Amino acid sequence: MNFGSRRSLEDPELNLTPLIDVVFCLIIFFVVTTTFDDRSALNIQLPKAGPSEALPVGEPLQIQIDAEGRYFIAGNEVLRRDGAALREALQQIAGDDRERSVILRADARTPHQAVVTAMDALGAVGFTKLSIATLPESADSDGGGGG
């Protein structure tokens, strides 16, 4: 009796197709159910505008920026719009008084770069007391769109 000869000569086969299908279904499930939230990528605290401390007794230096990005220092227009011209005008008007407070008043439609240029020029000249003028929230809630 030879019982060993009835054994099949074929190798067992492992079919991977159902396993691959299940893995792809799991990947699709996780991609669809995952929420991508960009706000969680950067956690910052925005500044609040509210009542502030009283300014020092001296007259503050006022810098105004209109909607086109033109600079006015103490009512006088700076002819060029670059940082070097702004620094030169600040040095002429302010003199040696770097402890003087500065109020930056920019139009709401002013390009952001104009405000950054003004702040950079103030820092380069040596001013450290900077206030940015804003409107209180109640003045903006009148519902008027302007136009």
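This is a predicted model: local features need pLDDT of at least 70, side-chain atom pairs count only at pLDDT 80 or more; totals for chains, interfaces and linings use all residues.
## Overall picture

Residues are numbered from 1 along each chain as its sequence is written, and side-chain values use heavy atoms, with hydrogens and water left out.

The chain has four helices and five strands, in the order α-β-β-β-α-β-α-β-α. Helices (H or I, at least four residues) and strands (E, at least two) are DSSP runs, numbered from the N terminus. Of the 147 residues, 19% are buried (under 20% relative accessible area; exposed is over 50%, partly exposed in between; 1.4 Å probe, protein chains only).

## Helix α2

Helix α2 covers residues 83–94. Its twelve residues should span 16 Å at 1.5 Å a residue, and its end C-alpha atoms are 16 Å apart, which agrees. The expected span is 1.5 Å times one less than the number of residues.

Gly-83, Ala-85, Leu-86, Ala-89, Leu-90 and Ala-94 are buried in α2. Seen down the axis, the buried residues fall within an arc of 155°, so they line one face of the helix. The arc is taken over directions from the helix axis to the C-beta atoms. Just after α2, Gly-95 takes a positive phi of about 70°.

## Helix α1

Leu-19 sits in helix α1, residues 17–33. Leu-19 counts as exposed because its relative accessibility is 52%.
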